[in-house]
Amino acid sequence: MDVARHVLRSEGGLRGLFKGLVPTLAREVPGNAAMFGVYEALKKTLAGGPDTSKLGRGSLIVAGGLAGASFWAFVYPTDVVKSVIQVDDYRNPKFSGSINAFKKIFATEGVKGLYKGFGPAMARSVPANAACFLAYEVTRSSLE
């Protein structure tokens, strides 16, 4: 609640709570579509067909890790735009919106600017998603 009060006071009221919503949605929707699509496709490939029920934990870890990597590989520039929008100064903004932020980053830093922090994001994403998908599959199979 303290953070919400601070944002409401210092970031322009309710609007501050939703700062970066558009690029967040532009990241989450296609990113999750890619991630879950890659996960299911990899499971079927590793299983040699549509029945993935007999896949071992190692295969599930590989599929989950690569699926997580696909999320970030597909939408990372959108995440960079989201981040600069969210930390932009409310009173003296550098960016007028997501497209403007993208254009300015690209103009000043090139493609490299749209991939700042990509390595650490991938290094975190692969094991985190491997563990998440494995936990999901193990839990699901134990409930059947």
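**View 1. The loop between helix 3 and helix 4 holds D51.** Helices here are DSSP runs of H or I with at least four residues, numbered from the N terminus. This is a predicted model, in which local features need pLDDT of at least 70 and side-chain atom pairs count only at pLDDT 80 or more, while totals for chains, interfaces and linings use all residues. Residues are numbered from 1 along each chain as its sequence is written, and side-chain values use heavy atoms, with hydrogens and water left out. D51 is partly exposed, at 48% relative accessibility; buried means under 20% relative accessible area, exposed means over 50%, and partly exposed lies in between (1.4 Å probe, protein chains only). For a sense of scale, pick out E109 as well: D51 and E109 are 58 residues apart in sequence, and their C-alpha atoms are 46 Å apart in space.

View 2. How far apart are the end C-alpha atoms of helix 3? They are 38 Å apart, which agrees with the 39 Å that its 27 residues should span at 1.5 Å a residue. The expected span is 1.5 Å times one less than the number of residues in the helix. Along helix 3, the buried residues are P23, T24, R27, G31, A34, M35, Y39 and K43. These buried residues of helix 3 pack against helix 4, helix 5 and helix 6, where contact means heavy atoms within 4.5 Å. Look just past helix 3 and you will find G48, which takes a positive phi of about 75°.

**View 3. R27 meets D79 in a salt bridge.** The N to O distance between these two side chains is 2.5 Å. A salt bridge is counted when a side-chain nitrogen of Lys or Arg is within 4 Å of a carboxyl oxygen of Asp or Glu, and the structure holds nine of them. R27 lies in helix 3 and D79 in helix 4, so the pair ties together parts that are 52 residues apart in sequence. Are these two residues buried or exposed? R27 is buried, with a relative accessible area of 13%, and D79 is buried at 10%. Leaving aside residues up to four places away in sequence, D79 touches R27 and W72. R27 also forms a salt bridge with E28, again side chain to side chain (2.5 Å, N to O). E28 is partly exposed, at 27% relative accessible area.

View 4. An α-helix has 3.6 residues a turn, so residues three or four places apart point the same way. R140 counts as partly exposed at 32% relative accessibility, whereas E137 counts as buried at 5%. Widen the view to see one network, in which salt bridges that share partners join E40, K43, E137, R140 and E144.

**View 5. Helix 5 bends at A107.** The bend is about 85°, taken as the angle between axes fitted to the seven residues ending at a position and the seven starting there. Helix 5 covers residues 98–113 and spans only 15 Å between its end C-alpha atoms, while a straight helix of 16 residues would span 22 Å at 1.5 Å a residue. Which residues of helix 5 are buried? They are A101, I105, G110 and G113. Helix 4 (57–87) is the element that these buried residues pack against.

**View 6. A nonpolar surface patch of about 680 Å².** The residues that make this patch are L8, L14, L17, F18, L21, L25 and V29. Helix 2 (14–17) and helix 3 (21–47) are the elements that give two or more residues to the patch, and the largest share, three residues, comes from helix 3. Patches are made of residues with over 30% relative accessible area and no salt bridge; like charges are joined within 9 Å, and nonpolar side chains (Val, Leu, Ile, Met, Phe, Trp, Tyr) within 5 Å. Accessible areas come from the Shrake-Rupley method with a 1.4 Å probe, and for residues only the protein chains shown count as cover. L14 is exposed, with a relative accessible area of 59%.
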